[in-house]
Each structure stands twice: as structure tokens, then as C-alpha cells.
Amino acid sequence: MRAYYFDNEPTDQRLPHQSIPPKPVELSTLERIGLLHWHIPVDGYETKINAIAAERDYKNRDTINVTREGLGELYETKIKGFFQEHLHEDEEIRYILSGSGYFDVRETPSDAWIRIAVEAGDLLVLPAGIYHRFTLDTNDQLSALRLFKDEPKWTPLNRSEETDINPHRVSYLRTIGAAA
């Protein structure tokens, strides 16, 4: 995993978007905004993932495969949808099995985008209520294990005045010590 400030250039979202000179983001900054990260080698990952799942009370899981070939005509629509700024009312937990991509998260209180490059072996936990988005990189392929505390669901709530006062957003802001 590599994290840095997104350059906000209006080019292909799948490009790295790294400023020149680079503006890396320290792990402590990610922790301050509530993100958790582990790197777990894919070979034999099950034991470690199962231990984390038990510790964090993740009861369900599934696998998502995002590829141009697999999604066919829906590819562009899906990728644009994933890249809409949104939040979830549950944690978003992804263990990357293969491929690579980017999670962008909003830093609070600056509202700057932090880009997190993920690849096989990265386990990322985004807290409920954090604004974020996702895109593949130019390799156009990612397979991820999704973990859930309850029944699998993926309901994005696109950023709006309503989501700014969503109870999960307000709770998130309080948890990280930001004004709600």
C-alpha cells in the first residue's frame, strides 16, 4: 500500500495522479482518519484473514472481480459509479487477491483527497461514514475479498447535504475528533 495526496488533475481517473514533487501521506495520517491496513501475503492468507475477521466480528464474505472483460458493456458505467464520492453506513473491508487499484479517501478537516494504491496482499478497512471512491488502475483488473459484519450489502450514499448529516457520518466525525 502506498498513500499520497491526489493531484486533482482532470485526466483519466485510472492514472496515478501523483503530484510532482510527490506528497506522500504518513501511516499516522491514515490512522488519524480511521483507516486500518494490513499487508498479508496471498499465499496462505486464509488463516490471518480468518483471525482478523473473528477479532473484528466480520461474519460474511464474498469475492468481487472487476475487469473490463468480466463486466463487458457495463464496465465504463460501473467504474464511473465506483468513482462517485460516497459513504457507507458500514465499514468497507477489502482484501486484494489480485490486480491493483486506488481507493481515494477524504482527509478531514482539509477535505483533500488521499489516494491509496492497493495491490495483492493489501487489506484495507474504511470506517463507516468516511467519504471515499474507488477506481481500477490502468491494468483494468482487481479481484478482492469483501468482508461484512452482517449480511453482504454495498449501498453507496453519494455525497450531498443529506449525507453530511447522516448519523454514520456524524459518528465518524466525532470518532476522529472533528466537528460534526
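Is R159 buried, exposed or partly exposed? With a relative accessible area of 31%, R159 is partly exposed, because that value falls between the 20% and 50% cut-offs. Keep this arginine in mind as you look around this predicted model, since R159 turns up in a salt bridge with E85 and in another with D111.

**Overall build**
- Six helices and 10 strands make up the secondary structure of the protein.
- The radius of gyration is 16 Å, close to the 16 Å that the globule rule gives for 180 residues, so the protein is as compact as a globular protein of that length.
- Of the 180 residues, 45% count as buried.
- Among contacts between residues at least 6 apart in sequence, 76% join residues at least 24 apart.

**Surface and charge**
- The protein exposes about 9,400 Å², and carbon and sulfur atoms supply 51% of that area.
- There are 21 positive and 30 negative side chains, with the centres of the two sets 2 Å apart.
- Side chains of opposite charge can pair when their charged atoms come close.
- The salt bridges here come to 16.

**Salt bridges around R159**
- R159 and E85 meet with a separation of 2.8 Å, N to O.
- R159 sits in the loop between strand 10 (157–158) and helix 5 (161–164), and E85 in the loop between helix 4 (75–82) and strand 4 (86–87), so the pair ties together parts that are 74 residues apart in sequence.
- E85 counts as buried, at 16% relative accessibility.
- D111 and R159 also form a salt bridge, at 3.3 Å from N to O.
- That pair links distant parts of the chain, 48 residues apart, with D111 in the loop between strand 5 (92–106) and strand 6 (113–119).
- D111 is partly exposed, with a relative accessible area of 32%.

- D140 forms a salt bridge with R68, and their closest N and O atoms are 3.4 Å apart.
- The two are 72 residues apart: D140 is in the loop between strand 8 (132–136) and strand 9 (141–148), while R68 belongs to helix 3 (residues 68–71).
- D140 counts as buried at 12% relative accessibility, whereas R68 is partly exposed at 33%.
- A network of salt bridges links D12, R14, R68, E76 and D140.

**A look at N8**
- N8 lies in the loop between strand 1 (2–5) and helix 1 (27–32), and counts as exposed at 52% relative accessibility.
- N8 and W113 are 105 residues apart in sequence, yet their C-alpha atoms are 8.1 Å apart in space.

Terms used:
Residues are numbered from 1 along each chain as its sequence is written. This is a predicted model: local features need pLDDT of at least 70, side-chain atom pairs count only at pLDDT 80 or more; totals for chains, interfaces and linings use all residues. Side-chain values use heavy atoms; hydrogens and water are left out. Helices (H or I, at least four residues) and strands (E, at least two) are DSSP runs, numbered from the N terminus. Buried means under 20% relative accessible area, exposed over 50%, partly exposed in between (1.4 Å probe, protein chains only). The radius of gyration is taken over C-alpha atoms; the globule rule is 2.2 Å times the number of residues to the power 0.38. Contact means heavy atoms within 4.5 Å. Accessible areas come from the Shrake-Rupley method with a 1.4 Å probe; for residues, only the protein chains shown count as cover. Lys and Arg count as positive and Asp and Glu as negative; His and the chain ends are not counted. The place of a charge is taken as NZ of Lys, CZ of Arg, CG of Asp or CD of Glu. A salt bridge is a side-chain nitrogen of Lys or Arg within 4 Å of a carboxyl oxygen of Asp or Glu.
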